[in-house]
Amino acid sequence: MELELKQITKRFSDTIAVDNFSVKLNYGVIGLLGENGAGKTTLIRIISSLMKPTNGQVLLNGKDIFDMDDQYRNILGYLPQNFGYYPDLNAINYLKYISSLKGITSSLANKRIKTLLQTVSLWDVRNKKIKKYSGGMIRRLGIAQALLNDPKILILDEPTAGLDPEERYHFRQLLCSLSKDKIILLSTHIVSDVEPIADKIILMQKGRLLKSGTVKELIETTEGKGGKINMCVLLDMYEERGIEKGIAQGEARGIAKGISQGISQGIEEINALYQCLLADNRMEDIQKAIMDTDYQKELLREYGIGE
């Protein structure tokens with residue numbers, strides 16, 4: 001299965017949100033990375049068939065998704081940044097309602113709902129009203145509704161918003177288990193959400209495709225050509241690995257120690273790259289990296305972690 005974005009452009013009056021964007025997506029986890037305002041959500045809405053592009057096509061195995069209509073939507077799962085729900089419903093009734101909207105039979109829906117609520121660790125609170133859920137629990141419920149129809153294409157827009165580090169860790173494990181026979185597109189501005197699991201990463205900036213490839217390919221390309229380096233990418237990666245190490249140990253202090261060690265290792269790696277930037281007199285990049293590093297160290301101190 002191949003999903004191809006072919007010269008996608010989306011204009012809103014005088015604003016170009018997506019600018020001549022072309023890329024091909026295949027089975028696996030694909031991370032769509034970009035800062036807030038880069039055009040990720042607009043692109044996601046086009047791929048989800050909720051919005052037509054001004055120019056260009058989205059093709060599934062060579063067929064335009066807007067011509068496929070329900071044939072495409074039947075194999076699509078979508079979690080927007082802010083999904084709608086009825087606060088007075090419990091998880092079971094909410095997912096039954098969504099199942100009926102998706103045309104899923106009652107018997108199949110009941111099986112899928114139980115399996116999915118167990119998968120996202122909400123089965124024990126299935127009868128509690130959604131308005132009593134935490135932000136992280138609501139996001140997990142959103143993930144469950146996106147998976148109800150067992151989609152072949154799963155699109156997630158900032159799915160880890162509101163999740164704590166442990167919930168993010170388990171979320172990534174879930175995506176890994178699903179990615180063998182699905183195209184999973186995960187839009188985020190947080191590098192560590194996708195770096196450990198992504199088969200491919202797409203970098204988006206001001207509506208344009210900046211680069212795409214594996215993590216290794218992107219690092220090699222950026223360093224080899226002397227391109228602009230976001231120095232905090234390494235810090236995010238090491239911090240996340242430290243968190244995962246702590247979670248694996250299953251101890252609260254272990255998690256704290258893991259984060260602290262991860263941050264320290266990340267800072268050492270970043271310091272090793274400062275000399276390259278100094279040689280090119282790229283003071284703006286250096287200042288940003290220092291500010292972000294100091295900010296994360298300050299956060300650790302607030303939680304009593306590290307020095």
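Which residue in S2 does Arg11 stand opposite? Arg11 stands opposite Ile16 in S2.

## About the model

This is a predicted model, in which local features need pLDDT of at least 70 and side-chain atom pairs count only at pLDDT 80 or more, while totals for chains, interfaces and linings use all residues. Residues are numbered from 1 along each chain as its sequence is written, and side-chain values use heavy atoms, with hydrogens and water left out.

## The sheet

Strands of a sheet pair through backbone hydrogen bonds, in a parallel or an antiparallel way. In this structure, four strands make an open sheet with the order S2-S1-S4-S5 and antiparallel pairing. S2 and strand S5 (63-64) are the edge strands, each pairing on one side only. Strands here are DSSP runs of E with at least two residues, helices are DSSP runs of H or I with at least four, and both are numbered from the N terminus. Two strands count as paired if DSSP finds at least two bridges between them.

Seven bridges hold strand S1 (residues 3-12) and strand S2 (residues 15-25) in antiparallel pairing. These strands form a hairpin with two residues between them, and Ser13 in the turn has a positive phi of about 55°.

S1 also runs antiparallel to strand S4 (residues 55-60), joined to S4 by five bridges. Several residue pairs can be traced along S1 and S4. Glu4 stands opposite Leu59, Leu5 stands opposite Val58, and Lys6 has Gln57 as its bridge partner.

S4 is joined to S5 by two bridges, again in the antiparallel sense. Leu60 has Lys63 in S5 as its bridge partner. S4 and S5 form a hairpin with two residues between them, where Asn61 in the turn has a positive phi of about 50°.

## Positive phi angles

Most residues other than glycine have a negative phi, and most peptide bonds are trans. Asn20, which is not a glycine, has a positive phi near 50°. Asn20 belongs to strand S2. Why is Asn20 called partly exposed? Asn20 is called partly exposed because its relative accessible area is 44%. The scale for this is as follows: buried means under 20% relative accessible area, exposed means over 50%, and partly exposed lies in between, with a 1.4 Å probe and protein chains only.

Asp69 is another residue that is not a glycine and has a positive phi, here about 55°. Asp69 sits in the loop between helix H2 (65-68) and helix H3 (70-73). Its relative accessibility is 39%, so Asp69 counts as partly exposed.

## Asp19 and Arg208

Asp19 lies in strand S2. With a relative accessible area of 18%, Asp19 is buried. Which residues does Asp19 touch, leaving aside its neighbours within four places in sequence? Asp19 is in contact with Ile8, Thr9, Gly207 and Arg208, where contact means heavy atoms within 4.5 Å.

Asp19 and Arg208 are 189 residues apart in sequence, but their C-alpha atoms are 5.2 Å apart in space. Their side chains are joined by a polar contact of 3.0 Å. A polar contact is a pair of N or O atoms within 3.5 Å; within protein, one must be able to donate a hydrogen and the other to accept it, and residues adjacent in sequence count only if both atoms are side-chain atoms.

## Arg45 in helix H1

Arg45 belongs to helix H1 (residues 40-47). Arg45 counts as partly exposed because its relative accessibility is 30%. Leaving aside neighbours within four places in sequence, Arg45 is in contact with Leu50, Met51 and Tyr78. Arg45 and Tyr78 are 33 residues apart in sequence and 9.4 Å apart in space, C-alpha to C-alpha.

## A nonpolar surface patch

Tyr86, Tyr97 and Leu101 form a nonpolar patch on the surface, and together they have about 330 Å² of accessible area. Patches are made of residues with over 30% relative accessible area and no salt bridge; like charges are joined within 9 Å, and nonpolar side chains (Val, Leu, Ile, Met, Phe, Trp, Tyr) within 5 Å. A salt bridge is a side-chain nitrogen of Lys or Arg within 4 Å of a carboxyl oxygen of Asp or Glu. Accessible areas come from the Shrake-Rupley method with a 1.4 Å probe, and for residues only the protein chains shown count as cover.

Tyr97 is part of helix H4 (residues 91-101). Tyr97 is partly exposed, with a relative accessible area of 34%.
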